[in-house]
Amino acid sequence: ATFLGSKVTNDDVASIREVLEGTLGAGAASAFANLSLSAHFEAIGRGVVGLDDLLFFCAFIALFLLGSVAVLEARRKGSPRKSLGPIALFVALFLGLNLGAGPALAKLESGRVDFTEAGLYSLSEGSRKVAQKLGYDVTLDVYLSRSTSKKSPKFAGFAEHMLDLVDRFGRAATGEHRIHINQRDPVPYSEDEYEAQFAGLTRQATGLGGVDANLYFGIIGTNS
C-alpha cells in the first residue's frame, strides 16, 4: 500500500523556487531544489553520481517503505490514525537528512564520480591548479537571464551545468586568495542589464517573443 503520493512537475518546482528566492533568499531556494526528484535523477542520467544523490534516493525509498509498514501495522491493529505519528517522524528525518547533510555532500568534490568519457561535468586538473595558485582575489560576475533560460529546457540544463562548474571552480580556490562569485539576472531595463551591456555582453535572440525574446549569458572576471 502506498501511504503518500504526489505529482509535481518541473515547472511547479521552478515556480516554488522563484518564490523562495524572492522571500527567503537563494539559500532557501537551493535547499528546496535539493528535494527535487527530477534534479537528482537528471544528475545521474548525465553520468554523474554524487553522495547527495545516493542519500536522497536511499532516504526516499526508506521513507515510503517505513511509512507503508506503519500504515499496514496501524490498520492491522484497527487504529489507522496511529500511523500518522511514525509517518510524521519519517518525513522529518527525510527532510533533515536532505536539507542538512545533502547540500554539504553536494559540495564535496571527492563525493561525486563523473562517469562521462571526457569528464564533462568535472573540473580539469589544470583548472584546479589555476584556482589554487591565484596571485590575487578574483570576482566572477555570472550574468544569466533566468526567466528566459527556464523556458528552454535544453538551454536551462546547459546553464545549470555551467553554473555548477563555476561554483566548483570557486570552491577549488583553497590557497591564499579566493574566488568570489556573484550571480546576476539582467532582466530588461535593470541595473544588471546595464552593467552587462557596459561590460560588453550582448543579447542573444531566442525566438520566444515578448520580454523573453533576448537572453544574456556570460561571465565577467575582475581581480582585486
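**Notes on the model**

1. The protein exposes about 13800 Å², and carbon and sulfur atoms supply 60% of it; the areas come from the Shrake-Rupley method with a 1.4 Å probe. Of the 224 residues, 31% count as buried, meaning under 20% relative accessible area.

2. This is a predicted model, in which local features need pLDDT of at least 70 and side-chain atom pairs count only at pLDDT 80 or more, while totals for chains, interfaces and linings use all residues. Residues are numbered from 1 along each chain, and side-chain values use heavy atoms, without hydrogens and water.

3. The protein has nine helices and seven strands, taken as DSSP runs (H or I, at least four residues; E, at least two).

4. An open sheet of three strands has the order β4-β3-β7, with mixed pairing; strands pair if DSSP finds at least two bridges between them. Its edge strands are β4 (179–184) and β7 (217–223). β3 and β7 run antiparallel and are joined by seven bridges, and Val 138 stands opposite Asn 223 in β7.

5. The largest nonpolar core has 15 residues; such a core is a set of buried Ala, Val, Leu, Ile, Met, Phe, Trp, Tyr and Cys residues joined through side-chain atoms within 4.5 Å. β3 (138–144) and α8 (153–171) each supply at least two of its residues. Among the members that touch the most others are Val 138, Leu 140 and Ile 179.

6. Leaving out residues up to four places away in sequence, Ile 179 touches Ala 131, Leu 134, Val 138, Leu 140, Phe 169, Gly 170 and Ala 173 (contact: heavy atoms within 4.5 Å).

Terms used:
Buried < 20%, exposed > 50% of the residue type's maximum accessible area, 1.4 Å probe, protein only.
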